[in-house]
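Please open the structure in your viewer and keep the selection tool at hand.

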Amino acid sequence: MTRASDWLDGYLKAWETKSADDVRAIFTDDAEYWFRPNDKEPVRGIDAIIEAWMEPEPAVAVPDLAVLIEDGSLGIIKGTVDYPGHETYTNLWEVWFAPDGRAARFVEWYMTPRSPAS
């Protein structure tokens, strides 16, 4: 397993459990979480990240994500996340790793698929 693969496994576990301990296991205490790359400010700090993760989801997420690229301090993850009955998102994530393997900075890039031409 690579660092990014291990981190992604932890992310998926934390996403499913919504456990504060599982979220703490993947983000540093001072992590930045960018829900969009062009947000004015990230969610900053583990307590704020945990609080943001506790917001209700529109449906149970069905992720299909994989590591695309990894170098020692950066992992790029790509894939889709489907919220049945709501929306499907195409994702590209930047995960900037701290020396301990947790994310110090996370940037989420996503888009909704185009509607098929009629």
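The tour below visits the nonpolar core and then the aromatic rings of this predicted model.

**The core.** Begin by selecting Trp-7, Tyr-11, Phe-27 and Trp-53. The largest nonpolar core has 26 residues, and these four touch the most other members. Next, colour the elements that give two or more residues to this core: α1 (3–17), β1 (27–34), α3 (46–53), β4 (74–83), β5 (87–97) and β6 (103–111). Helix α1 gives the most, with 6 residues.

**Around Trp-53.** Now centre the view on Trp-53. Leaving aside residues up to four places away in sequence, Trp-53 touches Tyr-11, Ala-14, Trp-15, Lys-18, Val-23, Ile-26, Phe-27 and Tyr-33.

**Aromatic pairs.** The model contains 15 aromatic pairs. Select Tyr-11 and Trp-93, which form a tilted pair with 4.6 Å from centre to centre and 50° between the planes. What does this pair tie together? Tyr-11 belongs to helix α1 and Trp-93 to strand β5, so the pair links parts that are 82 residues apart in sequence. Tyr-11 and Trp-93 are both buried.

Proceed to Tyr-33 and Phe-35, another tilted pair, with 4.4 Å between the centres and 40° between the planes. Is Tyr-33 buried or exposed? Tyr-33 has a relative accessible area of 3%, so it is buried. Phe-35, at 28% relative accessibility, counts as partly exposed.

**The cluster.** Finally, select Trp-7, Tyr-11, Trp-15, Phe-27, Tyr-33, Phe-35, Trp-53, Trp-93 and Phe-106 together; these residues form one aromatic cluster.

How values were computed
Residues are numbered from 1 along each chain as its sequence is written. This is a predicted model: local features need pLDDT of at least 70, side-chain atom pairs count only at pLDDT 80 or more; totals for chains, interfaces and linings use all residues. Side-chain values use heavy atoms; hydrogens and water are left out. A nonpolar core is a set of buried Ala, Val, Leu, Ile, Met, Phe, Trp, Tyr and Cys residues joined through side-chain atoms within 4.5 Å. Buried means under 20% relative accessible area, exposed over 50%, partly exposed in between (1.4 Å probe, protein chains only). Helices (H or I, at least four residues) and strands (E, at least two) are DSSP runs, numbered from the N terminus. Contact means heavy atoms within 4.5 Å. Rings of Phe, Tyr and Trp (its six-membered ring) pair if their centres lie within 6.5 Å; planes under 30 degrees apart count as stacked, over 60 as edge-to-face and the rest as tilted.
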